[in-house]
Amino acid sequence: MNRRNFLRTSGVLAAGIAALAASLSPLRELSDFSSAEEFMQKHYKELTPADMEKVLARISREVEKQYGLRPHVKDYKPMDGVEFVYCLNLTRCIGCRKCVHACVAENNQSRDPEIQYIRVLKMPHGSLDMEKGDHNYSPDMVPEKGFFYMPVQCQQCKNAPCVKVCPTRATWTEPDGITVIDYDWCIGCRYCEAACPYFARRFNWTKPKIPKERLNLNMSYLGNRPRKQGVMEKCHFCIQRTRAGRYPACLEVCPAGARKFGNILDPESEVSYIMRNKRVFIQLKEELGTSPRFFYYFDV
Amino acid sequence: MIQATKNYVRFLWRCGRIAFVGDWRYYGWMGILSVFVLLGINAYARQFVHGLIVTGMSDQVSWGVYIANFTFLVGVAAAAAMLVIPVYIYDNKELHDLVIFGELLAVAAILMCLAFVTVDLGRPDRFWHLIPILGKFNFPGSMLSWDVIVLNGYLLLNVHICGYLLYCRYQGKKPSKWFYIPFVFVAIGWAVSIHTVTAFLYVGLGGRPFWNSSIVGPRFLASAFTAGPALIILALQIIRRVTAYRISDQALLTLRNIVQVSMLINVFLLFNEVFKEFYTRTSHVASSSYLFFGLHGYHALVPWIWTAIVFNIVAMFILVLPVSRSLKYLNIACVLAIVGIWIEKGMGLVIPGFIPSPLGEMVEYTPTLNETLVCLGIWAFGFLAYTVFLRMSIPILQGTISKANEGAADQCAFGDREELEARGCNQKWRMDAANAAEAQTGEGHSH
């Protein structure tokens with residue numbers, strides 16, 4: 001190879017590398033990339049208690065670094081002999097959407113863009129056809145005459161399509177019936193979002209933004225700890241509350257008493273009473289065989 | 001053993017070198033493609049930093065052009081097997097070498113598929129979670145896990161078959177049947193499986209009645225076996241024009257038969273779908289209504305689907321009539337078929353499945369500029385890869401690059417104009433052509 005060839009080849013090579021570097025320049029803005037620790041972290045089901053402690057400490061550190069506040073992060077385990085079920089009284093729901101906002105306040109969703117797990121549908125009397133539902137109603141006063149309101153959130157299905165399709169088993173059903181997500185395992189393929197018949201799952205399309213004064217510091221690994229860009233999230237029956245014997249935030253805030261929650265395996269619970277005594281209760285899209293743990297009923 | 005490795009490395013080195021050698025048309029073509037690839041990389045870097053919010057996707061329409069292109073290209077990759085069937089099952093010697101071009105197209109298509117799926121992931125850095133044993137692989141439950149296996153397996157199969165046949169030709173050795181015939185037959189079945197599994201990704205979702213239908217699988221295969229060979233017909237004519245490689249019209253007409261039958265089946269299946277949806281008119285018809293006629297005032301996809309249907313039907317008529325024996329009309333039919341099927345698979349299948357949402361909400365989808373640049377970048381990368389594969393394989397098939405002329409004899413393959421003229425080579429391509437013509441008429445095909 002003579003000198004001219006050498007110079008020409010190196011020139012072309014240098015230009016090529018420069019062009020590639022220029023095209024990759026947006027990567028300079030990359031801030032929140034996962035640490036080596038997070039990258040190598042095992043699936044939730046394979047973490048030993050010692051591993052989990054380290055993981056919780058890491059999460060705590062990250063939250064403190066980002067928000068300047070120290071959280072309390074715990075891994076709540078399911079209680080024995082408990083299967084959670086949610087009952088929603090369609091006669092009582094007035095469509096005020098307080099549940100939607102209480103959920104956001106409790107579970108550290110991104111506020112910009114705002115992620116809401118609960119979607120309330122304004123339905124005309126006499127039909128359960130969701131195509132007739134209005135998602136964007138905003139009158140001065142609710143409820144409006146001639147309509148009823150149906151809040152929809154994750155149905156925690158016994159036969160969950162999202163669990164079936166997840167290629168990495170990042171989402172699964174826990175022994176107490178809650179379908180959970182390991183946010184550090186999810187690869188963000190969104191197959192579960194395509195599979196869910198209830199529009200229950202949400203994706204972090206960008207880095208979540210939570211104003212630090214709104215941060216709920218009582219966090220759980222599988223529940224409301226702050227999520228990162230590129231992973232899925234959804235209603236988890238307020239796992240940090242319900243596994244500690246409290247009610248979900250949506251139930252507590254409901255002014256009409258439309259929401260009922262409890263352990264279906266306990267014959268004395270409110271939900272057991274409802275299931276025994278209310279004549280009509282529905283599971284949404286029952287024909288799909290998902291077997292939801294969410295029951296809508298009427299006061300008859 | 002060491003000598004064998006050294007020989008192989010030498011072979012790879014020569015292949016690699018020739019990818020960078022060509023005339024001004026070659027450099028121009030590769031230059032334009034490289035520009036698009038760089039633009040695509042830039043757009044993807046932006047997406048990697050800011051997240052998928054830079055695309056037009058939403059929680060309601062959570063898959064867009066990335067997955068649409070992925071679906072179309074899996075079909076193209078599967079269709080490469082269509083070339084293999086007449087050759088090995090019907091023993092059509094005419095098409096033997098062309099099988100390699102088809103399988104190289106499959107490799108390029110699979111690489112594009114893998115790229116499209118990767119850019120669609122929210123956390124591509126966590127891809128290792130998909131590796132069995134190392135990660136947590138949901139096999140056999142999740143159809144996506146099946147897809148990972150079959151796509152990578154198909155890639156390896158085709159790389160092996162092409163690589164083995166080309167290396168044997170390079171060495172001047174007759175390929176041993178055991179090293180490729182069984183793989184070829186596996187590849188035929190495997191090709192059908194990659195597209196069936198991809199179809200099952202959609203079919204298996206009970207919450208999406210537009211997809212949850214038995215016709216999706218057969219329709220996928222019919223449209224893939226129309227668009228794939230159509231692409232190969234066009235690619236072979238370009239190869240014929242730009243290199244001295246001889247490809248007979250008979251080969252193209254055999255492929256035309258495949259496209260003909262597949263297109264007839266494709267249009268028939270479309271007719272079946274339309275009848276089932278619009279005659280019964282259950283509430284599951286919402287997505288089809290949105291696609292063909294618009295729904296509740298939203299009609300963004302209507303012009304697209306009707307264009308696709310018109311293209312497909314016109315292509316079908318051209319293909320069925322004897323006028324398509326003339327290459328001019330055949331090419332028109334191929335272009336119409338490819339574009340029509342690309343629209344159908346992308347905008348006609350993936351997007352309407354999300355509209356209306358499972359709760360009846362109407363949210364439409366339009367890809368953003370950033371998203372489009374990423375797509376163009378990946379397509380350009382695919383074309384780049386296929387061009388490089390051809391640039392490497394054609395001289396080997398023609399005998400211009402072989403073990404026999406290793407070392408001193410690469411006279412007319414490399415070097416700039418002055419050096420070549422000093423050695424008595426005129427234009428690189430003309431020299432290749434002369435050598436190839438001699439090799440082909442002299443010894444004939446030996447297989």
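Author: Chain B has 14 helices and 0 strands. This is a predicted model.

Reader: How many of the residues of chain B count as buried?

Author: A residue is buried if 20 or more other C-beta atoms lie within 10 Å of its own. In chain B, 46% of the 447 residues count as buried.

Reader: What do the contacts in chain B join?

Author: Take contacts between residues at least 6 apart in sequence. In chain B, 77% of these join residues at least 24 apart.

Reader: How many residues of chain B are in contact with chain A?

Author: On chain B, 43 residues are in contact with 50 residues of chain A. Two elements of chain B give two or more residues to this side: helix 2 (24-50) and helix 5 (143-171). Helix 2 of chain B gives the largest share, 8 residues. By class, the side of chain B that touches chain A has 19 nonpolar, 16 polar and 8 charged residues.

Reader: Now to chain A. Which residues of helix 4 are buried?

Author: In helix 4 (residues 98-107) of chain A, they are A:Cys99, A:Cys103, A:Val104, A:Glu106 and A:Asn107. Look down the helix axis: these buried residues fall within an arc of 170°, so they line one face of helix 4 of chain A.

Reader: What covers the buried residues of helix 4 of chain A?

Author: The cover includes strand 4 (147-152) and helix 8 (249-253) of chain A.

Reader: What comes just after helix 4 of chain A?

Author: There, A:Asn108 takes a positive phi of about 55°.

Key
Residues are numbered from 1 along each chain as its sequence is written. Chains are lettered from A and ligands numbered from 1 in the order in which they are written. This is a predicted model: local features need pLDDT of at least 70, side-chain atom pairs count only at pLDDT 80 or more; totals for chains, interfaces and linings use all residues. A residue is buried if 20 or more other C-beta atoms lie within 10 Å of its own, exposed if 12 or fewer, and partly exposed in between; C-beta atoms are placed from the backbone. Helices (H or I, at least four residues) and strands (E, at least two) are DSSP runs, numbered from the N terminus. The arc is that of the directions from the helix axis to the C-beta atoms. Two residues are in contact if their C-beta atoms, placed from the backbone, lie within 7 Å. Ala, Val, Leu, Ile, Met, Phe, Trp, Tyr, Cys and Pro count as nonpolar, Asp, Glu, Lys and Arg as charged, and the others, Gly among them, as polar.
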